[in-house]
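Please keep the sequence and the model in view while reading.

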Amino acid sequence: MIGNWSTPAGRALRALRRTPAPMTHGLIALCALVFLAAPVSGLNPSYGSGAALLTARHAYFRRWGVVPADLFDSAAREALTPVTALFVHANWVHLLGNMLFLYVFGAMTEARMGRLRFVLFYVGCGYLALLGYAVANSASGQALVGASGAISAVLGAFLFLFPRARVTSLFPFLFFLPLRLPAWVVLPFWAAVQWLAAQRAPQGPGVAYLAHLVGFALGLCFAWVRFGRATRVKAAQAAPAQAPAHEGENQP
């Protein structure tokens with residue numbers, strides 16, 4: 001509990017509670033704060049500069065990221081790294097790109113799922129996405145970090161829950177022309193690009209496209225299992241309220 005809501009922290013938490021998607025905004029704020037305090041931001045002077053800063057960054061990723069070659073040993077701490085890695089980002093572009101996707105697609109998904117379920121879904125799918133990548137690359141000693149697997153799960157759930165929602169997209173092959181297209185066009189196209197990139201991705205450091213695909217599939221399946229029946233029930237309940245067909249017309 002915060003006793004003084006007039007402090008900057010109190011005002012920030014009060015504003016967060018009033019937002020329509022407090023968990024989405026809270027996750028964004030948490031990722032940003034972790035990044036700013038970490039050596040990767042370059043803003044924390046306690047990590048030094050030059051070679052010392054590079055050493056600190058490497059140790060930071062090894063400690064909090066997922067290292068597939070170390071994940072399946074007996075250390076309990078390693079089993080938690082797929083959770084801690086969700087809040088660690090490699091650089092400013094990595095952070096801002098992920099948070100933009102979470103901001104665009106997270107709010108509506110949270111509103112549909114509910115706050116607690118959304119957080120559990122986000123962390124659980126993110127954990128399994130990173131775990132899936134680690135299983136497929138079990139010999140890799142490269143640390144994997146980022147919320148991409150969890151955010152990909154949000155995209156998969158959004159596709160099922162709001163397939164007709166309009167999404168503004170920028171396509172490089174169209175000279176980054178902004179287009180508003182339904183989610184059922186944009187998100188499958190995104191998933192196809194991830195799949196193609198995964199086929200061509202070299203071994204070693206780079207983008208974990210497989211984690212994106214695993215997360216997307218998990219999110220889509222979760223939404224289908226959890227909300228598919230509810231959607232059908234609502235449709236069935238709404239059917240009697242429709243105007244009856246005139247005599248002589250074909251019945252569906």
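Rings of Phe, Tyr and Trp, the last represented by its six-membered ring, are taken to pair if their centres lie within 6.5 Å; planes under 30 degrees apart count as stacked, those over 60 as edge-to-face and the rest as tilted. By this rule the count comes to eight aromatic pairs. The model in which these pairs are found is a predicted one.

One of the pairs joins Y60 and F61, with a centre-to-centre distance of 5.9 Å and an angle of 55 degrees between the planes. Y60 and F61 are both buried.

A further pair is formed by W190 and F216, whose ring centres are 5.7 Å apart; because the planes stand at 45 degrees, this pair is tilted. W190 belongs to helix α9 and F216 to helix α10, which spans residues 209-238, so the pair ties together parts of the chain that are 26 residues apart in sequence. Both W190 and F216 are buried. Elsewhere, ring pairs link F101, F105, F158 and F162 into a cluster.

W190 and F158 also take part in a contact between helices. Helix α8, comprising residues 148-161, packs with helix α9, comprising residues 183-200, at an angle of about 145 degrees, and the two axes are 10 Å apart. The crossing of α8 and α9 is left-handed. On the α8 side the contact is made by S152, L155, F158 and L159, and on the α9 side by A183, W184, L187, P188 and W190. Of the residues in this contact, eight are nonpolar and one is polar, while none is charged.

These helices belong to a chain whose secondary structure comprises ten helices and two strands. Read along the sequence, the elements follow the pattern α-α-α-α-α-α-α-α-β-β-α-α. The chain has 252 residues, of which 35% count as buried. Among contacts with a separation of 6 or more, 65% are between residues 24 or more positions apart.

How confident is the predictor in the chain, as expressed by the average pLDDT? The average pLDDT is 81, and 75% of the residues score at least 70. Over residues 173-177 the pLDDT is below 50, and this stretch has seven contacts in the model beyond near neighbours in sequence. Residues 232-252 likewise have a pLDDT below 50, with two such contacts in the model.

Conventions
Residues are numbered from 1 along each chain as its sequence is written. This is a predicted model: local features need pLDDT of at least 70, side-chain atom pairs count only at pLDDT 80 or more; totals for chains, interfaces and linings use all residues. Side-chain values use heavy atoms; hydrogens and water are left out. pLDDT is the predictor's confidence in each residue, from 0 to 100. Contact means heavy atoms within 4.5 Å. Axes are lines fitted to C-alpha atoms, for helices over the stretch in contact, and angles run from 0 to 180 degrees between N-to-C directions. Helices (H or I, at least four residues) and strands (E, at least two) are DSSP runs, numbered from the N terminus. A crossing is left-handed if the near helix is turned anticlockwise from the far one by less than a right angle, and right-handed if clockwise. Ala, Val, Leu, Ile, Met, Phe, Trp, Tyr, Cys and Pro count as nonpolar, Asp, Glu, Lys and Arg as charged, and the others, Gly among them, as polar. Buried means under 20% relative accessible area, exposed over 50%, partly exposed in between (1.4 Å probe, protein chains only).
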